[in-house]
Amino acid sequence: MKIAIIGPGLMPIPPKGWGAIESLIWDYSEELLNLDHEVAIFNKRDLNEVVEGVNSFNPDFVHLQYDDYILALNHINCRHKAVTTHYAYLEQPRKHGPYAQIFNAYKSVPSCYVFALSEGIKNTFMELNDIPEERIFITPNGAREDLFAFDQSCSKSDNPFVSDGGESKPSRSIYLAKIDYRKRQHLFQKKDMNIDFVGNHADPSFDVNDPAYLGEWNKEFLYKNLTNYANMVLLSDGEAHSLSCLEGLMSGLGLVISEYCTANLDTSLPFIDVIPENRILDGNFVRKTIALNRQKSISMRKDIRKYAVDNFSWKVVVKKYSDTVEKIINE
């Protein structure tokens, strides 16, 4: 199949550091190529150039990964088109304000399929936008099994990458995300929780002079050193399907997450702890939960990695995606 993927055009693909949508577009394309599909990425701000490029490519399927551009699909000749939203608050209607115009625009592209990142997002589209269920498919994100290092014991002696500048930190957690008000890092720094913060800074309420803030890691350093931590913390007030959680699991880290970060995760597993929203400001409760999760997770790293590989490896995710695209084309 010939598949065209449209990105935001805001930064390069693949990105060198932060850029979740850009990262997943690249990972999708790499795995689709492994499955012998022909893939072209169109990643420009000029939508006229994008439309012209896609139409010249003449794909069998077009996937828009940035739904701000949804109306551009009306000018693309391909019969089979889908769009994915990465809007973090889609499952919270009271926060649809800035997104409402885009959400309504879906009605102007009636032939478009929706590739939803989670069951909750699928239900939102069905309930609030009257999109029939047969036009919505759940296509979750994945993580790079082949690139994320895995240290089975979280010990310096077993980690071959410490020479690259990392060190094993079995007594510490990592909060890996863009430093953003939505991600809520500012609520948990300087609270004696043994958390290191990693991500590009975009929140003035977060103190960048905190020694626990390690800045933004490039991709190579991230791939090699995420496994040095005992677990990952992500307590956002809104997420679609967090890539960083999958990256943590792939690296053998347990998760301590908010109610809004649970998409596609089996929260019954002992290495995934969910902080109820009514206790998100209970510092003692959050601190104890993170500490206990560290202990559990270090003893279960092989199980964590297996769970990630079995469910969120791009090989698994993209094979299902490819089968879905083929089904649509052959209908």
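1. Helix H6 packs against helix H8 through Leu246, Leu249 and Met250, which meet Ile304, Arg305, Tyr307, Ala308, Val309 and Phe312. Contact means heavy atoms within 4.5 Å. By class, this contact has eight nonpolar residues, one charged and no polar. Ala, Val, Leu, Ile, Met, Phe, Trp, Tyr, Cys and Pro count as nonpolar, Asp, Glu, Lys and Arg as charged, the others, Gly among them, as polar.

2. This is a predicted model, where local features need pLDDT of at least 70, side-chain atom pairs count only at pLDDT 80 or more, and totals for chains, interfaces and linings use all residues. Residues are numbered from 1 along each chain as its sequence is written, and side-chain values use heavy atoms, with hydrogens and water left out.

3. Mean pLDDT (the predictor's confidence in each residue, from 0 to 100) is 94 for the protein chain, and 97% of its residues reach 70 or more. Residues 157-165 fall below 50, yet the stretch has 17 contacts in the model beyond near neighbours in sequence. Where pLDDT is low, predicted coordinates should not be read in detail.

4. The largest nonpolar core has 57 residues; Tyr106, Phe115 and Phe125 touch the most other members. Helix H9 (residues 314-330) gives the most to this core, six residues. Apart from it lies another core, of 46 residues, including Leu176 and Cys261. A core here is a set of buried (under 20% relative accessible area, 1.4 Å probe, protein chains only) Ala, Val, Leu, Ile, Met, Phe, Trp, Tyr and Cys residues joined through side-chain atoms within 4.5 Å.

5. Thr124 is buried, at 8% relative accessible area.

Technical notes. Buried < 20%, exposed > 50% of the residue type's maximum accessible area, 1.4 Å probe, protein only. Helix = DSSP H or I, 4+ residues; strand = E, 2+ residues; numbered from the N terminus.
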